[in-house]
Amino acid sequence: MVSDRVKRAMLHDVGTRHADFTYVVKFMRQALLQVANVTSDSHTAVLLNGSGTMATEAMLQTVIPRKDKKMLVMANGIYGQRIGQLCNKLNINCDVISHDLPSLKQRLSSADDIIGVMAVQCETSSGMINPVEEIGSVVKEISPDCLYFVDAVTSFGAIPVRMTNIDFLISCSNKSLQSVPGISFVVADKETLQKHRGKGSGMVLDVADQCDELDGTGQFRFTPPTHAMLAFKEALLEHIKEGRVEGRAKRFRENASILKSEMNKMGFRQLIDDETNPNGYLLTSFLHPNNPLFLFDKFYERLSDKGHVICPERSNLPNSFRIGCIGDLYPRDMQNLVDCIEVVCSDMGINLPMDNRPL
């Protein structure tokens with residue numbers, strides 16, 4: 001869900017080497033540093049083509065050696081597990097561990113071969129917000145030279161994060177920053193990026209080389225998605241106008257409050273309660289109700305027919321479904337959504353409120 005303003009920006013053509021486009025690149029890099037609450041004295045924003053997962057692969061292959069050292073990936077869902085799979089594809093030694101700080105402390109204290117730790121701020125398969133700042137404090141306290149990566153693909157722009165102990169933060173254009181897909185980026189500590197560069201064997205997915213070109217010429221090394229870049233510039237201007245992270249978070253919290261309250265009234269149970277996940281306002285997972293008439297595929301299709309597309313089954317955790325509160329959505333949209341859910345349940349013969357006892 002993006003605004004008409006963002007969509008209209010893509011109606012214009014611009015040359016990739018033209019001064020107008022070079023200005024767009026410069027503006028976006030500075031704006032992303034402001035979202036991260038850092039300055040160009042210590043950090044850099046490196047723009048890349050592609051998805052957030054592509055930027056994760058690029059970052060890891062740029063700075064992590066293939067021999068002798070090991071990555072720890074903290075995972076409590078599909079997207080954390082995917083980072084582990086990505087490391088395996090890159091022939092990076094990797095252990096996937098749970099989000100358990102005592103276990104992390106034990107691993108870091110007992111091993112001298114761990115070069116990096118990576119955590120996901122918003123585990124999008126469930127909506128869980130993980131304590132990435134606390135994890136970073138543990139990493140740097142026990143192993144100051146260990147690299148710390150944060151996947152902030154869904155959360156960047158709507159959940160505050162302090163970069164104090166984060167070496168590399170990865171995100172993209174099409175989540176909480178409300179633009180179209182096609183742009184990913186890394187907010188990197190300058191000194192750390194230069195110190196650890198050169199570990200990869202590829203050319204396109206080299207974040208350090210991309211940074212050099214952006215710094216030197218203001219341009220991408222290879223053809224960028226110009227129309228997506230123009231859209232992203234407008235989305236960043238919208239982010240500033242709304243009040244940056246605080247303003248965006250306020251609206252998403254309002255969206256989530258309506259969703260959770262109304263779903264609870266209908267008898268839907270959250271996969272993770274608000275006490276466990278107090279900042280879970282980007283998306284919420286609900287358990288399949290204990291009702292034989294509830295068939296998710298039918299529920300999904302009928303809701304889609306009414307203009308509301310939720311996360312498809314293949315990307316959900318077992319026996320649950322997800323509804324997002326991010327994008328160009330407002331409380332009135334969330335109210336319309338829950339009104340449609342009530343109608344769909346009625347059409348499926350499901351009496352509301354449902355018995356919400358566990359299956």
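Ala45 stands opposite Val187 in S9. The model that shows this pairing is predicted: local features require pLDDT of at least 70, side-chain atom pairs count only at pLDDT 80 or more, and totals for chains, interfaces and linings use all residues. Residues are numbered from 1 along each chain as its sequence is written, and side-chain values rest on heavy atoms, with hydrogens and water left out.

Helices (H or I, at least four residues) and strands (E, at least two) are DSSP runs numbered from the N terminus. Two strands pair if DSSP finds at least two bridges between them. Strands S1 and S9 are joined by seven bridges and run antiparallel. Val187 is also the bridge partner, in S9, of Leu169; five bridges join S8 to S9, again in antiparallel fashion. Strand S7 (residues 147-151), by contrast, runs parallel to strand S8 (residues 168-172), with three bridges between them. Within that pair, Phe149 has Phe168 in S8 as its bridge partner.

These pairings belong to an open sheet of seven strands, whose order is S1-S9-S8-S7-S4-S2-S3 and whose pairing is mixed. Strand S1 (43-49) and strand S3 (94-97) form the edges; each has a single partner strand, so one side of each is left without a neighbour in the sheet. On average, neighbouring strands of this sheet are turned by 20° against each other, direction ignored. Such angles run from 0 to 180 degrees between N-to-C directions, and the axes are lines fitted to C-alpha atoms, for helices over the stretch in contact.

In a regular strand, side chains alternate between the two faces of the sheet. Strand S9 (residues 183-189) is mostly covered, with seven of its seven residues buried, where buried means under 20% relative accessible area, exposed over 50%, and partly exposed in between (1.4 Å probe, protein chains only). On one side lie Ile183, Phe185, Val187 and Asp189, and on the other Ser184, Val186 and Ala188, so that both faces of S9 are covered.

Helix H4 (residues 78-89) lies across strand S2 (70-74), S3, strand S4 (114-120) and S7, and runs at about 165° to S2. Helix H6 (residues 132-142) lies across S2, S4 and S7, at about 170° to S7.

What is the disulfide count? With a disulfide defined as a pair of cysteine sulfur atoms within 2.5 Å, the count comes to zero. For Cys172, the nearest cysteine sulfur is that of Cys122, 12 Å away; Cys172 is buried, with a relative accessible area of 2%. For Cys211, the nearest is that of Cys172, 19 Å away, and Cys211 is likewise buried, at 3%.

Gly200 is found in the loop between helix H7 (190-196) and helix H8 (207-217) and is partly exposed, with a relative accessible area of 23%. Beyond its neighbours within four places in sequence, Gly200 is in contact with Gln61, Thr62 and Arg66.

The protein as a whole has 12 helices and 11 strands. Of its 359 residues, 53% count as buried. Residues 24 or more positions apart account for 72% of the contacts with a separation of 6 or more.

Notes: Contact = heavy atoms within 4.5 Å.
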